[in-house]
Amino acid sequence: MDVQEMLEMMRDPLGAPFFPVVFQVLLVVTWVLHIHFVTGAIGSSTFSIFAFLHKDPSLLRLGRITARLTPNMVGLGIVTGIAPLLFVQTIYDPLWYASNTLAGFWSVTFIFVVMGGYSLAYLFYLKGSKDGRLLWSAVASLVLLCFAGWVMHVLHTVSIRPDQWMNWYAPGGVIDTRGIQFHAYDVPRLMFLLPLQAGLSFAATLMFVAWYLRQRTDADLAFLDWTASLGRRIGLIVAPLYGVFGLLWAFTEGPEFGLTAFIAAVAVGLSAGLFAFFWLQGKRPVLAGAKALGVWALALLVVAVTREVIRSVSLSRFNYSVATYPYIIDWGSVLMFGVTSVVGVSVVTYLIMVIYQSGQSADGTVSAKAEGFGRVATAMLGAWFGFFVLVGLFSSLFLR
Ligand code: HEM
């Protein structure tokens, strides 16, 4: 059996429940959210540790804020990681299950690593960030979060190399079921995707937070200006390094798939574009905040598409393509997914409105319009829960 036949046989025999290309688009888009939040968490955690070690009053004040931001960002990163996970499992199931088996020990350990990373970040925020105690918990959390990123990277890197799976599964013909080896990785790629994007996500977040908090009547403008300019300075330092490691990524992983020039062009373009953006902000009296986050989201979208191009090119060598993945439209699943998305997005929109509006007013009030929208969104959620319970009861009682 050759690699192409193996990949075909490992696909879900039922096929995808909807047009596979739609899942591919959703995979790319939701991954942008995931990577922004997890790298933002790594950036804010690193900054808190730095601030508590230096004890400068402004650094400490911001360090306390970022210590609170870290667990929030990890939580959002985990939640937004589940979405691309579902889409990967649907259209790239042979790849994802094979790589999770080949690195089985680490894919199980991953869950505990993420739990530990989150819990320790929360512990530091809750019990340590007031007076700088328990700094070890912030450091341990950062180490665990970085390790989680490493495991994710290995799983992905193994997954796009199906021609090597048999060698890794049974080296020299002897089966190795331990799943303990890191079979494939590309350090420049990981440096580009993790620590450097952590710097940039954090820079954009700082600029956004400073811009957002300026709108309050009781805002401390001097502190917020300092915060925004710190974000800009971090961006200016990290953007060139982003380009350098992007080029190294191009020259290490690129040749294997004939994509050296493509990855290099993306890296140089992103690095130059981001540097120019941060530099131009220096000419403005008030630095852009929402725009900084928007520009960063666009950059991440380019990275997400680049990852997808690399995967597609790798798989095209074995005639595996999302465009030809078999599918049967399952309207029941589509309806469930569609309604759940509408309900979920409405509730999240309500939460964002509450956080946004209450943060802007000195007394934390929210407009009547937002409250009205919230009532509709939560009623929809309640109705949807009720519907699920009924479907469960019906299938348990009548469809056995
Ligand atoms: C909390 C720590 C985490 C970090 C630092 C992290 C980091 C990363 C990184 C760096 C990548 C890109 C790997 C590459 O392209 O080489 C990635 C991909 C991904 N992550 Fe995470 N991640 C974390 C947690 C999670 C969790 C909890 C989930 C799922 C619930 C998740 C789901 C995914 C998925 C589905 C991908 C895409 C895989 C693919 O395209 O093959 N991640 N993550």
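Domain 1 and domain 2 meet through 8 residues of domain 1 and 6 residues of domain 2, contact meaning C-beta atoms, placed from the backbone, within 7 Å. This is a predicted model, in which local features need pLDDT of at least 70 and side-chain atom pairs count only at pLDDT 80 or more, while totals for chains, interfaces and linings use all residues. Residues are numbered from 1 along each chain as its sequence is written.

**Domains**
- The side of domain 1 that touches domain 2 has 4 nonpolar, 2 polar and 2 charged residues (nonpolar: Ala, Val, Leu, Ile, Met, Phe, Trp, Tyr, Cys and Pro; charged: Asp, Glu, Lys and Arg; polar: the others, Gly among them).
- Domain 1 covers 3-164 + 184-329 and domain 2 covers 331-400, with bounds from an automatic or database domain assignment.
- Their centres, taken over C-alpha atoms, are 27 Å apart.

**Ligand shell**
- The ligand is surrounded by 25 residues (C-beta atom, placed from the backbone, within 6 Å), and the closest are G81, A148, G149, M152 and H153.
- At least two shell residues come from each of α2 (20-54), α3 (57-91), α5 (104-128), α6 (135-159) and α8; helices are DSSP runs of H or I, at least four residues, numbered from the N terminus.
- By class, the shell has 14 nonpolar, 9 polar and 2 charged residues.

**Helices α8 and α12**
- The axes of α8 (residues 187-214) and α12 (residues 290-316) come within 7 Å and cross at roughly 155°, on lines fitted to C-alpha atoms over the stretch in contact, with angles from 0 to 180 degrees between N-to-C directions.
- α8 is therefore roughly antiparallel to α12, a term for angles over 145 degrees.
- Their contact involves L200, S201, A204, M207, F208 and W211 of α8 with A290, A292, L293 and W296 of α12.
- That contact has 9 nonpolar, 1 polar and no charged residues.

How values were computed:
Angles under 35 degrees count as roughly parallel, over 145 as roughly antiparallel, 65 to 115 as roughly perpendicular and the rest as oblique. Two residues are in contact if their C-beta atoms, placed from the backbone, lie within 7 Å.
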